[in-house]
Amino acid sequence: MKKIIISFLSLFILLTLSGCEIKDSENKSNIEDNENIKYYDKDFIMSLEKGYSNRWIEVKKINDSNGDVTAEELKRTILLELDEIKEYEDLKFEDGKLKELAIKYINLLRDDLELADTYDGSLSFYSTWDEGLDKRTEVLSQINEIIKLDVTNQEVKKGLAEALARGKKVVSESNNDETTRIFVNNFNFQKNEGESDEYFSTFDAIIENTTNLSFDYLYVEIKLKDEEGIVVDTESISENNWIISEKRKLSFITDKEFSTMELIVDSYSVK
């Protein structure tokens with residue numbers, strides 16, 4: 001009986017050790033596989049720098065020629081950048097955020113390529129083009145926060161610095177827009193019974209500037225809607241020199257009955 005127990009115990013130990021060996025082998029194989037993965041983060045940055053430089057130099061040549069730019073020239077300059085980096089949308093990156101920004105930048109260049117086909121030299125075209133430029137420089141500045149961009153040509157270096165500064169400003173303005181939108185959406189107006197009568201109703205709100213922004217001015221549009229969502233009245237509020245942590249009493253008056261209100265940031269400026 002003892003021999004049988006010992007045999008079973010030996011078999012159990014043997015199977016356990018074999019399982020450990022297999023598991024260790026699998027873990028070693030996984031480690032080796034991970035070590036053999038090729039990541040393209042730095043390659044993308046180098047290609048981005050090269051493509052940006054090539055495009056910048058070509059744009060300068062066109063501008064220096066004093067000739068009217070054509071749709072084909074626009075497309076050619078875009079392709080100088082796009083062709084250098086488009087392959088990276090299908091390659092592995094170690095930094096997931098960088099990969100996301102790389103794909104976003106590639107797609108923005110494709111948007112520019114489509115827009116170039118509509119080039120007519122009009123103000124509306126350049127307005128749309130500038131919107132695209134804002135988006136591209138915004139992404140460039142975000143990429144630069146992850147891995148610093150650098151180029152050798154001194155003129156291109158200056159142009160890149162200007163682009164990054166523009167992108168950083170776009171990011172800041174976008175953050176300010178979102179901060180202001182959230183701030184305004186939280187205004188809670190209540191009916192002031194003492195200041196209301198059978199003809200007009202007064203609504204007040206005591207609001208503290210809880211943002212990190214000091215406003216030179218803030219204009220807010222208030223849409224008053226009935227139960228069906230139809231706008232029955234529109235009021236507005238404007239505040240000047242509203243600094244951080246300062247409380248203000250905001251008010252509006254209406255002669256309309258309403259169920260809900262929609263608060264919209266009309267415009268603002270920060271110090």
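## Basis

The model is predicted: local features need pLDDT of at least 70, side-chain atom pairs count only at pLDDT 80 or more, and totals for chains, interfaces and linings use all residues. Residues are numbered from 1 along each chain as its sequence is written, and side-chain values use heavy atoms, with hydrogens and water left out.

## Helix 2

Helix 2 spans residues 41-64. Helices here are DSSP runs (H or I, at least four residues), numbered from the N terminus. Helix 2 has 24 residues and reaches 35 Å from first C-alpha to last. That is close to the expected 34 Å, where the expected span is 1.5 Å times one less than the number of residues. Just after the helix, N66 takes a positive phi of about 60°.

Buried residues of helix 2 include F44, L48, Y52, R55 and I62. Buried means under 20% relative accessible area, with a 1.4 Å probe and protein chains only. Their cover includes helix 3, helix 4 (96-116), helix 5 (123-146) and helix 6 (154-185).

## E81

E81 sits in helix 3 (residues 71-85). E81 counts as buried because its relative accessibility is 1%. Its side chain makes a polar contact of 2.5 Å with that of Y105. Such a contact is a pair of N or O atoms within 3.5 Å; within protein, one must be able to donate a hydrogen and the other to accept it, and residues adjacent in sequence count only if both atoms are side-chain atoms.

Leaving out residues up to four places away in sequence, E81 touches L48, G51, Y52, R55, Y105 and L109. Contact means heavy atoms within 4.5 Å.

## Cavity

The structure holds 1 cavity of 30 Å³ or more. On a 1 Å grid over the protein atoms alone, a cavity is a set of points where a 1.4 Å probe fits but cannot get out; a pocket is an open set with protein on both sides within 12 Å along at least five of seven lines; lining residues have an atom within 4 Å of a point.

L48, E49, Y52, L140, L149, V151 and L160 line the largest cavity. Helix 2 gives the largest share, 3 residues. The lining has 6 nonpolar residues, no polar and 1 charged.

## Pocket

The largest pocket holds about 730 Å³. Its lining has 26 residues, with R55, V59, N63, W129 and L133 nearest the centre. Helix 5 supplies the largest share, 8 residues. Helix 2, helix 3, helix 5 and helix 6 each supply at least two.

Definitions and conventions
Buried means under 20% relative accessible area, exposed over 50%, partly exposed in between (1.4 Å probe, protein chains only). Grid points are joined across faces, edges and corners, and a volume is the space filled by probe spheres set on the points. Ala, Val, Leu, Ile, Met, Phe, Trp, Tyr, Cys and Pro count as nonpolar, Asp, Glu, Lys and Arg as charged, and the others, Gly among them, as polar.
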